[in-house]
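Please take the sequence and the three-dimensional model together, and turn the model slowly as you read. The paragraphs below are meant to be followed with the structure in view.

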Amino acid sequence: MGLASKRKGRWRYRCWQKLFLALIGFPLAAGLLLVFVAISRAVFIQQQNQSVLRILNNQVVDKIDESQITQRAERLAGALKIPSVSYATDNQEKEALLQLHQYLETNFPLIHSATFIKKEVINAYSLLYTVEGTTKGKLPYLLASHLDVVPVNPSTWEVPPFGGKIVNRTYIYGRGAIDDKAGVLGIMEAVEYAIQKGQRPQRTFFMAFGHDEEISGKQGAQELAKALKVRGVDRLDFVLDEGFPLTKNVIPGTDKHIAMVGISEKGTATLELSVSGNPGHSSFPPPESAIGILAAAVARLEENPQPSLLGKGPESATFKYLAAHVSFFYRLLYNNMWLFSGLMARQMEHVPLTNAFVRTTTAITLFHGGIKDNVVPPSAKAVINHRVHPSQTVAEVIAYDRKIISDPRVHIRVKTSREAHPISPFGTDCIPFQMLMMSIKQVFTDAVVVPAVFIANTDTRWYLSFTANLYRFLPTVITPEDVGRYHGNNERISIQHYHEAVNFYYRIIKNADMLIDQVPASTMNNDDEEL
Ligand SMILES: CCCCCCCC/C=C\CCCCCCCC(=O)NCC(=O)O
Ligand SMILES: [Zn+2]
Ligand SMILES: [Zn+2]
């Protein structure tokens, strides 16, 4: 064989070798590397997760005596006697808010005298407590609740709404019992209890109590968030605010307690619809009045709800998590939403509470028109309050409304709007979520914890820039018959459930400390030791 053909042969061999490496060798190596990285990561996460579970399982819920449980109930009842009502923007019972500040100061003496707790009044009516932990340099967390309540119509209540009545030694009645004074007082009780036991938390945390959550949080939580930034806090490990209570016998297919933790929150779009007319004598009216045109428009919106999005947003994770805990029939449905979401939506949309999971909701909340019995109305106005499903944008919601109204005489003005919140992590590698889940299970031992989209709104919107880990959960139990008490008549919480709420917040503080080694470093300014 000649030298030239030998070279040619070698060259051909190298070409094949390169081709082999390019087509098979490199992709194979890259694939193996990826598999290796994925396995290592899974093993790491599992180990980390197991260490979280090991740490948290090591805990026992404290037993306290009956008289202390009663005292706590009485303290909550006392707070319910203070009518800290938010009626509308710039219309609040501000004296009552100040009275509530004083009430907290008098009833939680250990918190207010502890050298490691700083209380600040923010924007005159909101409260920010900094509980300075013993370990510096770790990311702090924030427990939020709100001081204000929605108005009442006392004539439709069976007990005085601001009477703070304890009925049959079982229920504490009053506006704010669940929304959200059980949150404020529950957190305070947990901290007071820890101090009483001689404990000082290792981790720094904030208790942030806004004073206008029911009317947007702009003066309260927004200012609390700004105050944190001014103090050098721009990152938090997690935020825990009000959210769903645990439910029993609400989710079909199980009779266990279901704890739906809000990992996202619906957006809002509040629209003002208006129609202008020509005023005139009512004895010779036009065929259509401003009121009639507007009434027809809002009726069309009610008759044509926004499209079903069931299974397209975070609620698919809710049902995936639930699937393992429900009867065979429901497991089949919940595990196969790609097939059954239509069927499920048709069932769920008949009940207002479950309909809220299916779609963007449409509530006609105000309607004004007319000026006198015998005058053709010069104008009419209505307000539509949408709660926007995370899989839809505000613009899409409004475009749908326009299409349904389909009447150029109806003018649409956007009063306020906000997109749905991003989805917070809830996987096995998310330590704050796992910690929250374990804390719930320690207090509500049979509870199934599932991620969910929160269907209403909270002050968490103001803390979105501090952390991805925002969770909405109210540690109390609600039955189907109690759901209507939210913003409704005869709001109440049972003494037992309130006791569990206090226990839960105490567990959060203890468990957050147990995990201190796994908490990232803080950007918080730790130079200022003065408290
Ligand atoms: C598969 C779906 C099952 C649904 C079960 C959910 C049961 C939850 C029970 C009650 C929910 C009530 C939420 C009330 C939110 C209160 C917060 C608030 O008032 N925010 C202000 C606002 O949104 O305007
Ligand atoms: Zn609330
Ligand atoms: Zn509310």
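What follows moves from the whole chain to a pair of annotated residues, then to one strand, and finally to the surroundings of a ligand.

This is a predicted model, in which local features need pLDDT of at least 70 and side-chain atom pairs count only at pLDDT 80 or more, whereas totals for chains, interfaces and linings use all residues. Residues are numbered from 1 along each chain as its sequence is written, while chains are lettered from A and ligands numbered from 1 in the order in which they are written.

The chain has 14 helices and 19 strands, where helices (H or I, at least four residues) and strands (E, at least two) are DSSP runs numbered from the N terminus. Its C-alpha trace spans about 115 × 70 × 50 Å along the principal axes. Of the 531 residues, 44% count as buried, a word that applies when 20 or more other C-beta atoms lie within 10 Å of a residue's own, with exposed meaning 12 or fewer, partly exposed anything in between, and the C-beta atoms placed from the backbone. Two residues are in contact if their C-beta atoms, again placed from the backbone, lie within 7 Å; among the contacts with a separation of 6 or more, 81% join residues 24 or more positions apart.

At which residues does UniProt place the feature "active site"? The unreviewed entry gives Asp-148 and Glu-213, in the numbering used here and with the feature name shortened, and such annotations may be inferred rather than shown by experiment. Although these positions are spread over 66 residues of sequence, they cluster in space, with a largest C-alpha distance of 6.8 Å. Asp-148 is in the loop between strand S5 (141-146) and strand S6 (166-167), and it counts as buried because it has 28 C-beta neighbours inside 10 Å. Leaving aside neighbours within four places in sequence, the contacts of Asp-148 include Ser-84, Gln-92, His-211 and Glu-213. Glu-213, for its part, is in the loop between S8 and helix H6 (221-230), and it counts as buried because it has 27 C-beta neighbours inside 10 Å.

Now look at strand S4 (residues 126-131), where six of the six residues are buried, so the strand is largely enclosed by the rest of the structure. In a regular strand the side chains alternate between the two faces of the sheet. In S4 both faces are covered, with Ser-126, Leu-128 and Thr-130 buried on one side and Leu-127, Tyr-129 and Val-131 buried on the other. Ile-122 stands opposite Ser-126, and Met-207 in S8 is the bridge partner of Tyr-129.

Why does ligand 1 lie between domain 1 and domain 2? Domain 1 (66-242 + 456-518) and domain 2 (265-418) both give residues to its shell, so the ligand lies between them; these bounds come from an automatic or database domain assignment. The largest share of the shell, four residues, comes from S9.

Terms used: Two strands pair if DSSP finds at least two bridges between them.
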